[in-house]
Amino acid sequence: QVQLVESGRGLVQAGGSLRLSCAASGRTFGWLAMGWFRQAPGKEREFVAHVRSGGSTYYADSVKGRFTISRDNAKNTVYLQMNSLKPEDTAVYYCACAAGGGFYRNYETQRAYDYWGQGTQVTVSS
């Protein structure tokens, strides 16, 4: 199994930047994708970004051009660099790992992922 631990929570003013980290441990070989989701109070958890094992990335329209997902394979860590933050970015951010193969996976959906971190709070003030 895989364990994921997020870090980088913080309070930042609108227009500022923050970088989140997600460190993976356990049986990380054979992973298919790593993703970031977020959930604001009273809202459904939504897709933010993902990176495939081959290196391709994809972003939600709401964060495209502002956020960057990256990985450091040597450290088994995925990052989410968040720039030009807006108050509507305020949410608990979760990292997730898809592993195991089998069924077709749409990595914009929660169902695609097998393991989840505990979440980290990001608050953007106006």
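A polar contact is a pair of N or O atoms within 3.5 Å, and within protein one must be able to donate a hydrogen and the other to accept it. In this predicted model, the side chain of glutamine 81 makes such a contact with the side chain of asparagine 83, at 3.0 Å.

**Glutamine 81**

- Glutamine 81 belongs to strand β8.
- Because its relative accessible area is 25%, glutamine 81 counts as partly exposed, a class that lies between buried, under 20%, and exposed, over 50%.
- When residues up to four places away in sequence are not counted, glutamine 81 touches Ser17, Leu18, Arg19, Arg66, Phe67 and Thr68.
- Arginine 66 lies 15 residues from glutamine 81 along the chain, and 8.3 Å separates their C-alpha atoms.

**The largest nonpolar core**

- The largest nonpolar core comprises 37 residues, and Trp36, Leu80, Met82 and Tyr93 have the most contacts inside it.
- At least two residues of this core come from each of β1 (2–7), β3 (18–26), β4 (31–39), β5 (46–52), β7 (67–72), β8 (77–82), β9 (91–99) and β11 (120–125).
- Strand β9 gives the most to this core, contributing seven residues.
- In soluble globular proteins, nonpolar side chains tend to be buried together.

**Strand β9 and its partners**

- Strand β9 is largely enclosed by the rest of the structure, because eight of its nine residues are buried.
- Strands β4 and β9 run antiparallel and are joined by eight bridges; glutamine 39 stands opposite valine 92 of β9.
- Strands β9 and β11 are also antiparallel, with three bridges between them; here tyrosine 93 stands opposite threonine 120 of β11.
- Two bridges link β9 to strand β10 (residues 115–116), and this pair runs antiparallel; alanine 96 stands opposite tryptophan 116 of β10.
- Tyrosine 93, placed opposite threonine 120, is also among the residues with the most contacts inside the largest nonpolar core.

**The largest pocket**

- The volume of the largest pocket is about 170 Å³.
- This pocket is lined by 13 residues, of which Trp31, Met34, Asn73, Asn76 and Thr77 are the closest to its centre.

Notes: Residues numbered from 1 in each chain as written. Predicted model: local features only at pLDDT ≥ 70, side-chain atom pairs only at ≥ 80, totals over all residues. Heavy atoms only, no water. Core = buried A, V, L, I, M, F, W, Y, C linked by side-chain atoms within 4.5 Å. Buried < 20%, exposed > 50% of the residue type's maximum accessible area, 1.4 Å probe, protein only. Helix = DSSP H or I, 4+ residues; strand = E, 2+ residues; numbered from the N terminus. Contact = heavy atoms within 4.5 Å. Pairing = 2+ DSSP bridges. 1 Å grid on protein atoms, 1.4 Å probe; cavity = no way out; pocket = protein on both sides within 12 Å on 5 of 7 lines; lining within 4 Å. Points joined across faces, edges and corners; volume = space filled by probe spheres on them.
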